Amino acid sequence: MKSSVLLITYKRFSTTQKVFNAIKKAKPPKLYFVNNAPSPNADENERIQISQIRELVNSIDWDCNVKTLFRENHLLTMDSITSSIDWFFENEDEGVIFEDDCLPDQSFFNYCDSLLDFYRNDNSIFIISGANVEPNIEFDNSYRFSKYPHIWGWASWSNRWSLYDKHISQWNSNKLRWFINNEFTLKEKFYWATIFNKLKMNKINTWDYQLLFTTWINNLNNIIPRSNMISNIGFGEDANFTNNVNDPCANQPVTKTKAPLKHSTSKVKYKSLDTQLALQHFKITFTISFIRYIYSELELFFKKIKGLLD
């Protein structure tokens with residue numbers, strides 16, 4: 001492969017080692033390796049695993065320019081991941097990004113190389129995803145376009161990442177415009193408006209919902225492969241968010257994407273895929289989404305009345 005790679009890690013040595021070994025097999029020319037510091041209440045096991053993870057860089061045995069960011073102070077999820085990606089794109093114009101539980105098929109690396117090159121000058125493309133959690137939907141080409149970015153192994157460019165809005169600062173001023181966007185069903189609008197309201201109230205500490213917001217507010221496109229090339233091996237009790245080991249998205253099998261890629265002739269978003277993702281992956285239903293939206297709007301309103309929010 002020819003692209004640079006960023007690996008973001010924390011405290012799970014077992015999954016990190018598997019992902020690292022897959023990267024090692026691909027032999028990227030540059031590897032950016034991030035490891036978070038132990039949490040303030042870390043036990044001895046956590047500290048040992050973090051130490052083991054940091055030792056992995058000593059096993060690099062190919063011609064590789066390695067840069068490390070081993071944090072001395074613990075950061076929560078949102079700041080840890082976004083600052084890692086910031087650091088990566090301050091040094092690289094484009095590249096491939098993994099978290100420590102996203103295990104790729106080897107074909108993913110050439111797939112990223114090809115698409116980073118093919119869409120380098122097309123600023124309408126935001127995220128090149130390696131995961132397809134709905135692989136039973138048929139594609140004519142090697143990939144399709146979606147309004148939903150997947151970040152279980154992905155690639156992008158520094159000028160696209162610069163649009164990322166960590167604090168969704170445009171949400172209040174653009175809420176009405178977003179609600180009349182015809183790309184979304186009403187239940188999707190209620191669901192995501194609730195999420196964005198909660199982000200504004202600092203009730204969710206994450207970074208990926210903001211990625212969706214950035215996609216939609218800038219009317220960007222994301223690439224989803226026909227074949228799933230990433231298996232999320234991190235579902236379990238020690239995960240930050242993906243705790244349910246019986247989730248259909250856990251440990252999905254991977255399939256090789258054949259080269260050369262068969263490129264899409266149209267950048268129209270694939271509605272059948274997006275509809276399935278809304279229903280199956282995000283489990284969006286009208287009644288629950290509507291009730292939660294009304295509650296979040298009332299909560300947001302009263303917080304503003306009390307002066308707790310801008």
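The questions and answers below concern a predicted model.

Local features in it need pLDDT of at least 70 and side-chain atom pairs count only at pLDDT 80 or more, whereas totals for chains, interfaces and linings use all residues. Residues are numbered from 1 along each chain as its sequence is written, and side-chain values use heavy atoms, with hydrogens and water left out.

Q: How many residues of strand β4 are buried?
A: Strands here are DSSP runs of E with at least two residues, and helices are runs of H or I with at least four, numbered from the N terminus. Buried means under 20% relative accessible area, exposed over 50% and partly exposed in between, with a 1.4 Å probe and protein chains only. Glu94, Val96 and Phe98 point one way from β4 while Gly95, Ile97 and Glu99 point the other way, and all are buried. For strand β4 (residues 94-99), the count of buried residues is therefore six of six.

Q: Which residue of β8 is the bridge partner of valine 96?
A: Two strands pair if DSSP finds at least two bridges between them. Strand β1 (residues 5-9) runs parallel to β4 with four bridges, and valine 5 has valine 96 as its partner in β4. Four bridges also join β4 to the antiparallel strand β8 (residues 154-157), where the partner of valine 96 is alanine 155.

Q: Why is the pair of phenylalanine 190 and phenylalanine 290 classed as it is?
A: Rings of Phe, Tyr and Trp (its six-membered ring) pair if their centres lie within 6.5 Å, with planes under 30 degrees apart counted as stacked, over 60 as edge-to-face and the rest as tilted. The structure holds 32 aromatic pairs; in this one the ring centres are 5.1 Å apart and the planes stand at 70°, so the class is edge-to-face.

Q: Which helices does that pair link?
A: At 8% relative accessibility phenylalanine 190 is buried, whereas phenylalanine 290, at 35%, is partly exposed. The two residues are 100 residues apart in the chain, and the pair links helix α7 (residues 186-200) to helix α10.

Q: Where is phenylalanine 196 paired with tryptophan 216, and at what angle between the planes?
A: Phenylalanine 196 lies in helix α7 and tryptophan 216 in helix α8 (residues 208-217), 20 residues apart. Phenylalanine 196 is buried at 0% relative accessible area, and tryptophan 216 is buried at 7%. Their edge-to-face pair has a centre-to-centre distance of 6.1 Å and an angle between the planes of 65°.
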